[in-house]
Amino acid sequence: MTDDLAKKLNTAGAFDTPWLKEQLENWDVVAEQKKADFTEHMYRCSGRTNGLYTSLWQDFCIREAGPIMRDRFFEMMEAVRLYEEGLLEPIS
């Protein structure tokens with residue numbers, strides 16, 4: 001965050017706390033926008049139309065990421081087994 005922006009956000013009052021100042025100084029606009037974009041993606045993919053975002057992450061983990069990561073785990077375990085048995089072809 002730029003000093004100029006920090007000055008504009010400096011509020012004298014209840015919100016002018018050390019904790020808030022630290023949050024704003026360490027605010028990563030790009031990272032926060034990515035979170036918001038992904039949340040919107042999860043909402044659209046969920047098929048919801050009611051405006052509720054509650055449990056989107058949990059639903060995503062169970063329905064999309066969970067199954068993929070489970071399959072990936074077993075693929076990786078198979079690769080480790082093949083490596084340990086010397087059955088993997090070297091990459092050239």
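Visitor: Which residues does Cys 61 touch, not counting residues up to four places away in sequence?
Guide: With those neighbours left out, Cys 61 touches Gly 66 and Pro 67; contact means heavy atoms within 4.5 Å. The model is predicted, and local features need pLDDT of at least 70, side-chain atom pairs count only at pLDDT 80 or more, and totals for chains, interfaces and linings use all residues. Residues are numbered from 1 along each chain as its sequence is written, and side-chain values use heavy atoms, with hydrogens and water left out.

Visitor: And where is Cys 61 placed?
Guide: Cys 61 is in helix α4; helices (H or I, at least four residues) and strands (E, at least two) are DSSP runs, numbered from the N terminus. Its relative accessible area is 28%, so Cys 61 counts as partly exposed. Buried means under 20% relative accessible area, exposed over 50%, and partly exposed in between (1.4 Å probe, protein chains only).

Visitor: Changing topic: how many aromatic pairs does a search of the whole structure find?
Guide: The search finds 4 aromatic pairs. Rings of Phe, Tyr and Trp (its six-membered ring) pair if their centres lie within 6.5 Å; planes under 30 degrees apart count as stacked, over 60 as edge-to-face and the rest as tilted. One of the pairs is Phe 38 with Phe 60, which is edge-to-face because the planes lie at 90°, with the ring centres 5.2 Å apart.

Visitor: Which helices do Phe 38 and Phe 60 lie in?
Guide: Phe 38 lies in helix α3 and Phe 60 in helix α4, so the pair ties together parts that are 22 residues apart in sequence. Phe 38 is partly exposed at 33% relative accessibility, whereas Phe 60 is buried at 15%.

Visitor: Why is the pair of Trp 57 and Phe 60 tilted?
Guide: The planes of these two rings stand at 35°, so the pair is tilted; the centres are 5.6 Å apart. Both residues lie in helix α4, 3 residues apart, about one turn of the helix. Trp 57 is partly exposed, at 49% relative accessible area.

Visitor: One more residue: where does Arg 48 lie?
Guide: Arg 48 lies in the loop between α3 (29–46) and α4 (56–84).

Visitor: What does the side chain of Arg 48 make a polar contact with?
Guide: The partner is the side chain of Asp 59, at 2.6 Å. A polar contact is a pair of N or O atoms within 3.5 Å; within protein, one must be able to donate a hydrogen and the other to accept it, and residues adjacent in sequence count only if both atoms are side-chain atoms.
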